[in-house]
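I opened this notebook to record what I looked up on strand pairing and packing. The entries follow in the order in which I made them.

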Amino acid sequence: MPDGATILHADLDAFYASVEQLLDPALRGRPIAVGGSPSGGVVLAASYEAKAFGVQGGMPGWRAARLCPDLTFVRGSFARYQPLADRVMDILGDVTPLVQRISVDEAFLDVSGAVHLFGPPASIGALIRRRVRAEVGLAISVGAARTKHLAKVASQVAKPDGLVVVEPGQERAFLDPLPVALMWGVGPVTEQQLAERGIRTIGDLAAAPGPMLERLLGRPGGTLHALALDEDPRRVATSSRARSVGAQSALGRRAPTPELVRSVLSHLAERVAGRLRAKDRAGRTVTVRVRFAGMRAVTRSLTLAAPVSSTLTLTEVAERLVRQALDDQDGAVEITLLAISVSNLAAQPSIQLELPLPPPDPWRPGSATGSARWALDRSMDAARARFGKDAVGYLPATLGRTGGVPDDFRELAQRDL
């Protein structure tokens with residue numbers, strides 16, 4: 001562990017909403033929501049002016065409009081988000097080559113080798129904030145500490161548009177009074193579980209017995225306890241690839257008819273398989289998740305003999321797994337979410353054709369049917385790249401688009417394969 005607070009976490013403030021205010025000066029200083037509408041839809045992001053009224057990302061548009069009657073809804077300039085975020089990352093790269101981007105709008109930096117050029121971490125954080133404001137026009141908050149977890153917490157405390165440095169020896173004084181909700185991995189459900197045990201601050205969590213937390217939360221309980229004690233040996237990793245790729249779709253409360261299941265899974269499979277093929281990858285293990293009314297969820301997995309990246313094959317495998325999960329339920333049920341993920345990834349720049357030996361198996365990529373599916377998908381990928389994502393596709397996948405969070409927005413959060 002370094003002696004100084006040389007790990008920085010830089011996080012753009014209300015990024016999507018701030019970009020909209022940057023592109024349209026008339027929106028500056030006003031409460032805005034990206035996505036959704038007063039009559040429905042989902043709010044994807046909110047400006048700080050809107051957050052002051054309780055508006056948050058993931059909230060139904062009608063509810064946001066009730067909380068903030070003066071709220072302005074904007075559709076979202078999805079084509080502009082990535083280039084602007086990339087410019088910010090270039091600025092971070094000018095400070096140190098040790099940059100770990102963890103989402104479109106935030107990254108960790110290890111500046112231990114840059115202090116002799118730019119001064120102490122506080123000076124480096126101030127430099128980053130000045131350059132991002134001057135060269136990109138956006139506000140960015142920076143936290144600095146000896147560990148990644150503490151640096152991220154510090155950047156949350158610094159928001160909006162601030163800088164917080166936690167010097168060595170001051171960790172406990174800084175962490176203990178903060179609410180547990182600021183910790184990485186603590187969502188509303190976990191926060192409520194901890195509150196029921198009287199654990200509301202990070203100091204409370206640090207003082208709680210580790211075995212009790214593991215009994216309450218499972219394995220994450222031990223991890224949270226270590227983080228509350230500021231025990232975080234992770235270093236800034238400049239390159240990391242996703243070990244799996246997945247997609248999910250929230251459905252409200254729906255009866256799982258075969259038509260609904262196939263259309264939604266086809267759309268999800270198209271998104272997942274398209275990402276795999278774009279990186280010449282494929283996966284052997286297919287996992288589906290089905291969430292029922294009442295928040296109960298089940299998963300089913302199947303590991304194939306060969307890695308696959310065909311949309312039709314992934315759809316059929318996922319459909320079989322979901323049907324198994326539904327058949328295991330007693331009586332009629334309603335589902336609220338379907339998800340697909342593919343793991344056990346491997347390179348697949350081409351397909352090795354197989355001899356036509358019986359029995360025929362369309363799920364084998366090298367079979368006649370499997371290779372034809374792969375070739376068709378590649379042709380459609382090329383057409384989409386030239387004419388747009390909606391130029392061609394499978395009919396069930398088109399029907400499976402639920403009209404919730406746009407795929408363009410989801411893609412901004414996807415990790416590199």
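In which sense do strand 1 and strand 6 pair, and over how many bridges? I note first that the model is predicted. I found that strand 1 pairs with strand 6 (residues 106–110) in the antiparallel sense, over five bridges. For His-9, I looked up the bridge partner in strand 6 and recorded Phe-108.

I then turned to strand 7 (residues 140–145). Its pairing with strand 1 is antiparallel and comprises six bridges. Here I recorded Ala-145 of strand 7 as the bridge partner of Ile-7.

Next I checked burial along strand 1. Taking buried as under 20% relative accessible area, I counted six of the six residues of strand 1 (residues 7–12) as buried, so the strand is largely enclosed by the rest of the structure. I also noted the side-chain directions: Ile-7, His-9 and Asp-11 point one way, Leu-8, Ala-10 and Leu-12 point the other way, and all are buried.

I recorded three strands in the order 3-2-4, with mixed pairing. Strand 3 (45–46) and strand 4 (72–74) are its edge strands, each pairing on one side only. Helix 1 (residues 15–23) packs on this sheet and touches strand 2, strand 3 and strand 4. I noted an angle of about 115 degrees between the direction of helix 1 and that of strand 2.

Last, I looked up how strand 2 (residues 32–34) is joined to strand 4: the two run parallel, with three bridges. Val-34 has Val-74 as its bridge partner in strand 4.

Key: Residues are numbered from 1 along each chain as its sequence is written. This is a predicted model: local features need pLDDT of at least 70, side-chain atom pairs count only at pLDDT 80 or more; totals for chains, interfaces and linings use all residues. Side-chain values use heavy atoms; hydrogens and water are left out. Two strands pair if DSSP finds at least two bridges between them. Helices (H or I, at least four residues) and strands (E, at least two) are DSSP runs, numbered from the N terminus. Contact means heavy atoms within 4.5 Å. Axes are lines fitted to C-alpha atoms, for helices over the stretch in contact, and angles run from 0 to 180 degrees between N-to-C directions. Buried means under 20% relative accessible area, exposed over 50%, partly exposed in between (1.4 Å probe, protein chains only).
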